Amino acid sequence: MNNLLHKYGNTALIAGASEGLGAAFAAYLGAAGINLVLVARREKTLEKFAADLRSSFNIDVDCICCDLADVNATDYLQEVIGKKEINLLVYNAALSHIGAFEKQSLESYMKTTQVNMITPMKLFHVFGEAMLTKEKEL
Ligand SMILES: NC(=O)c1ccc[n+]([C@@H]2O[C@H](COP(=O)([O-])OP(=O)(O)OC[C@H]3O[C@@H](n4cnc5c(N)ncnc54)[C@H](OP(=O)(O)O)[C@@H]3O)[C@@H](O)[C@H]2O)c1
């Protein structure tokens, strides 16, 4: 698993990390010695999970509470993360409505579009660009 550390680098950002697939990715990458920046809305759940990861794997884990449906989420994450280099990005948060299209409000579809499409596109644009620049320099 140390290949992951060698291949990707020190730090992974996981959006939607407090449970489910995102938490599984966090545990997997943490076990490989990769430091983590975890993003989700529920602070206590996220902090407890981060504490478990720190003690299990002796890694650095930062928590950022953020609603990825917020139109300013990417700017906020970029500001909080600052100069910390992100080497790997896992985006796991998503909304899915089941049922007739007309039963959901436009506001609900706008929120879904923000979480499922716009925020991940912006995050990959911001952090992916830095990853590609670094790769070219190596
Ligand atoms: N699990 C599967 O087998 C499976 C299979 C196919 C597709 N999927 C899809 O993959 C996605 C993730 O599945 P999952 O099972 O891992 O879901 P999950 O267990 O509900 O986990 C979702 C994670 O995303 C976070 N999150 C959700 N909305 C957020 C928001 N607006 N801002 C910030 N964080 C947010 C949640 O934390 P907070 O609530 O604390 O914010 C949680 O950590 C879902 O869309 C699901 O439909 C899952």
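**Starting from one residue**

Tutor: Let's begin with Ile-34, which sits in the loop between H2 and strand E2 (35–40). Helices (H or I, at least four residues) and strands (E, at least two) are DSSP runs, numbered from the N terminus. Residues are numbered from 1 along each chain as its sequence is written. Keep in mind that this is a predicted model: local features need pLDDT of at least 70, side-chain atom pairs count only at pLDDT 80 or more, and totals for chains, interfaces and linings use all residues.

Student: Is Ile-34 buried or exposed, then?

Tutor: The general idea is to count C-beta atoms, placed from the backbone: a residue is buried if 20 or more others lie within 10 Å of its own, exposed if 12 or fewer, and partly exposed in between. Ile-34 has 23 C-beta neighbours inside 10 Å, so it counts as buried.

Student: And what is Ile-34 in contact with?

Tutor: Two residues are in contact if their C-beta atoms, placed from the backbone, lie within 7 Å. Leaving aside neighbours within four places in sequence, Ile-34 is in contact with Leu-4, Leu-5, Tyr-8, Asn-10, Thr-11, Ala-12, Leu-29 and Ile-59. Leu-13 is 21 residues from Ile-34 along the chain, and their C-alpha atoms are separated by 10 Å.

Student: Let's zoom out. How many helices and strands does the chain have?

Tutor: There are five helices and four strands.

Student: What box do the C-alpha atoms fill?

Tutor: Roughly 50 × 35 × 25 Å, taken along the principal axes. Of the 138 residues in the chain, 28% are buried. Also, among contacts with a separation of 6 or more, 66% are between residues 24 or more positions apart.

Student: How do I check the span of helix H5?

Tutor: The expected span of a helix is 1.5 Å times one less than its number of residues. Helix H5 (residues 106–137) has 32 residues and should span 46 Å; its end C-alpha atoms are 45 Å apart, which agrees.

Student: Where is the kink in H5 centred?

Tutor: On Gln-114, with a kink of about 45°. The bend at a residue is the angle between axes fitted to the seven residues ending there and the seven starting there.

Student: Which residues of H5 are buried, and what covers them?

Tutor: Val-115, Thr-119, Pro-120, Leu-123 and Phe-127 are buried. The cover includes strand E1 (11–15), helix H4 (73–81) and strand E4 (88–91). Take Phe-127: it has 20 C-beta neighbours inside 10 Å and counts as buried.

Student: Tell me about Leu-89: where is it found?

Tutor: Leu-89 is in strand E4. With 18 C-beta neighbours inside 10 Å, Leu-89 counts as partly exposed. Beyond four places in sequence, Leu-89 is in contact with Leu-13, Leu-123, Phe-124 and Phe-127.

Student: What should I know about phi angles here?

Tutor: Most residues other than glycine have a negative phi. Asn-58 has a positive phi of about 55° although it is not a glycine. Asn-58 is in the loop between helix H3 (43–57) and strand E3 (61–65), and with 9 C-beta neighbours inside 10 Å it counts as exposed.

Student: Last one: how many residues surround the ligand?

Tutor: A residue is near a molecule if its C-beta atom, placed from the backbone, lies within 6 Å of it. Here 19 residues surround the ligand, and the closest are Gly-16, Gly-20, Arg-41, Arg-42 and Ala-94. Helix H2 (residues 20–31) gives the largest share of that shell, three residues. By type, the shell divides into eight nonpolar, seven polar and four charged residues. Ala, Val, Leu, Ile, Met, Phe, Trp, Tyr, Cys and Pro count as nonpolar, Asp, Glu, Lys and Arg as charged, and the others, Gly among them, as polar.
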